[in-house]
Amino acid sequence: MLSAEKFFIELDRAHADDLVYYYDDNKEFHEWCAKVTGWKEDHGSFSDISNFCPETGIAGVNLSCGYYKAHTTDEYAVWEEMIAAINAAEKLIKAAADVEQFDYVERKPVYTSLYSNKRSSYESWYYDEAKIGRAVQQECRDR
């Protein structure tokens, strides 16, 4: 896909200082984001870029933006962490001038043994959450 976009940034992750890529396995992009922001990679189950990046073929990162207890009556945000997310996004945007487009690379489930279909607990969670998220979205589209 030819486009001017080099990658996508989403600010919709709980907590602080996290970089989440969902089903993208582009290690070069992950390392570049960590180097530019100083933040750490974490894992999540689903967000908008979970569908958007595979559709476009362009890598994307979700930045944590300082909210906690999401979707509850006790939800709150930490102002300083929200500003830190904006600053991290700004760093990524400025650094983008020196890079080519980062492609989305689909992460495949990894099995723990050649002789078994059992996955590690992380891979099982990761793969199953991805499957569930996509199935729910498809069901909503079908309605």
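The following questions and answers go through a predicted model, in which local features need pLDDT of at least 70, side-chain atom pairs count only at pLDDT 80 or more, and totals for chains, interfaces and linings use all residues. Residues are numbered from 1 along each chain as its sequence is written, and side-chain values use heavy atoms, with hydrogens and water left out.

User: How far apart are the end C-alpha atoms of helix α3, and what span should its 17 residues have?

Analyst: Helices (H or I, at least four residues) and strands (E, at least two) are DSSP runs, numbered from the N terminus. The expected span of a helix is 1.5 Å times one less than its number of residues. For α3, residues 79-95, that rule gives 24 Å, which agrees with an end-to-end C-alpha distance of 25 Å.

User: Which residues of α3 are buried, and why do they line one face of the helix?

Analyst: Buried means under 20% relative accessible area, exposed over 50%, and partly exposed in between (1.4 Å probe, protein chains only). The buried residues of α3 are Ala 85, Ala 88, Ala 89, Leu 92 and Ala 95. Seen down the axis, they fall within an arc of 130 degrees (taken from the directions from the helix axis to the C-beta atoms), so they line one face. An α-helix has 3.6 residues a turn, so residues three or four places apart point the same way.

User: Which elements do the buried residues of α3 pack against?

Analyst: The face turned away from the buried side carries the exposed residues Trp 79, Glu 80, Ile 86, Ile 93 and Lys 94. Packing is judged by contact, meaning heavy atoms within 4.5 Å. By that test, the buried residues of α3 pack against β1 (8-14), α1 (27-37) and β4 (60-68).

User: Which strand runs parallel to β4, joined to it by 6 bridges?

Analyst: Two strands pair if DSSP finds at least two bridges between them. Strand β2 (residues 18-20) is antiparallel to β4, with 2 bridges, and strand β5 (residues 76-77) also pairs with β4 in the antiparallel sense over 2 bridges. The parallel partner, joined by 6 bridges, is β1.

User: Which residue of β4 stands opposite Glu 10?

Analyst: β4 is mostly covered, with 9 of its 9 residues buried. Val 20 has Asn 62 as its bridge partner in β4. The residue opposite Glu 10 is Asn 62.

User: With which side chain does the side chain of Glu 41 make a polar contact?

Analyst: Glu 41 lies in strand β3 (residues 40-42) and is partly exposed, at a relative accessible area of 37%. Beyond four places in sequence, Glu 41 touches Leu 19, Tyr 21, His 30 and Arg 107. A polar contact is a pair of N or O atoms within 3.5 Å; within protein, one must be able to donate a hydrogen and the other to accept it, and residues adjacent in sequence count only if both atoms are side-chain atoms. At 3.4 Å, the partner is His 30.

User: Is His 30 buried or exposed?

Analyst: His 30 sits in helix α1. Its relative accessibility is 4%, so His 30 counts as buried.
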